[in-house]
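Please look through the sequence and the structure shown below, and then follow the explanation from a pair of packed helices to the sheet and finally to the confidence of the model.

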Amino acid sequence: MLPSRPGSTPGAGQVPGAARLSAKASTFTESVIRDMTRLAAAHGAVNLAQGFPDFSCPAELKDAAKAAIDADVNQYAITWGAPAFRAAITAKVARAYPGWTVDPDTEICVTCGATEAMIATMLGLVDPGEEVIFFEPFYENYGPDAILSGATPRLVKLRAPDWSFDEAELRAAFTDRTRAIVVNTPHNPTGKMFSRAELDLIAELCQRYDALVVTDEIYEHIQYLGPGGHIPPATVPGLEDRTITVNALSKTYAVTGWRVGWTIAPAVLTEGIRKTHDFLTVGAAAPLQAAGVAAMGLPEQYYADLAAAYQVRRDLLCGTLADVGFGVSRPDGAYYVMCDTRALDPAGDDVAFARHLVADVGVACVPGSSFFADPADGRHIIRFAFPKREETLREAAARLGKLS
């Protein structure tokens, strides 16, 4: 059917030719996670769906942001990041991971959150038709990122309860068309921490196929394995010159609404990310980058206390979920827990069960199908988030008690 001409009236059942989505946008839905937040608000439910804290960020960050605004740091920063913030990121990386040296002038691009960092990386470094490997289940943004960049996704399954992958399956996923593999460690939604042996295998394959690693490390300091539990892929031999590290202030510093992230990558790769970022958003908020300098300067004790506090929250929620009857995969990192629902939802309709929880029980979660390419793989799974005050988690526990 030809599109209607301007000013013409479409016939019954017809849609004007201009009123259509692009082919790319037609292949994915809106965020299920954000939709569950809207449902939680509508029903007055405890929101354990979307991963944002209900507690304050460090006072040092708020003070620095307010001071920057008062000092009129309110105009554009340099497109790829204010120099002081890039220098602070470099210094913080060197303290956290001795031996990892970053050039703030050529190897960092500050973005509007890790979300933009990931899509800027995909658009800047991946050509249509090239393949990108993802571990499944995966954070829901990754699929649309691949589609928007024209990449062909290849999936490698992580299997409960420890969310390990099969070496043969990973080897088979690499081909001559592989451009990159996405590694999210600590992992959302499972809480998996990629081990040194797993990263060594990835390094071997990336070198063999000349592929990149795009690693989302936004939860780097929220992990429960102790010192050295988180291993940045960029520090693994063989990956130093082929890794793009994505990070942000959001999770570590409890400022998910600030939307300040960054990439760290070799200069030749950063060039492509910076050019793409420039035409996506121009730059991240200048006064919040100034506050980022304060965040990067927090003492090491801050990160130890952060992990300890999250471990208490994890254990509180996981204990509740197990008592109610869920099958619980206790996470090693991040602040999510994946649950098997077979004992409570034998029909295996994760979407209906999640909506029942939010409307009738008063607790919001995320249906597991949103983390899989084939929704059937997540029908017996839901995900809860625990970046909440202990009293919030206790209220959720009291409401979930209705299930037992």
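The crossing in which α3 passes α9 is left-handed.

On the α3 side, the contact is made by Ala84, Phe85, Ala88, Ile89, Lys92 and Arg95, which meet Gln289, Gly292, Val293 and Met296 of α9.

Turning to the strands, the model contains an open sheet of seven strands with mixed pairing, arranged in the order β2-β8-β7-β6-β5-β3-β4. Its edges are formed by β2 (108–111) and β4 (152–157), each of which pairs on one side only, and from one strand to the next the twist averages 20 degrees. Within this order, β6 (residues 212–216) and β7 (residues 243–248) pair in the parallel sense over four bridges, and aspartate 216 has valine 246 in β7 as its bridge partner.

As for confidence, the chain has a mean pLDDT of 94, with 96% of its residues reaching 70 or more. Over residues 1–10, however, the pLDDT is below 50, and this stretch has seven contacts in the model beyond near neighbours in sequence. Where pLDDT is low, predicted coordinates should not be read in detail.

Key
Residues are numbered from 1 along each chain as its sequence is written. This is a predicted model: local features need pLDDT of at least 70, side-chain atom pairs count only at pLDDT 80 or more; totals for chains, interfaces and linings use all residues. Side-chain values use heavy atoms; hydrogens and water are left out. A crossing is left-handed if the near helix is turned anticlockwise from the far one by less than a right angle, and right-handed if clockwise. Helices (H or I, at least four residues) and strands (E, at least two) are DSSP runs, numbered from the N terminus. Contact means heavy atoms within 4.5 Å. pLDDT is the predictor's confidence in each residue, from 0 to 100. Two strands pair if DSSP finds at least two bridges between them. Axes are lines fitted to C-alpha atoms, for helices over the stretch in contact, and angles run from 0 to 180 degrees between N-to-C directions.
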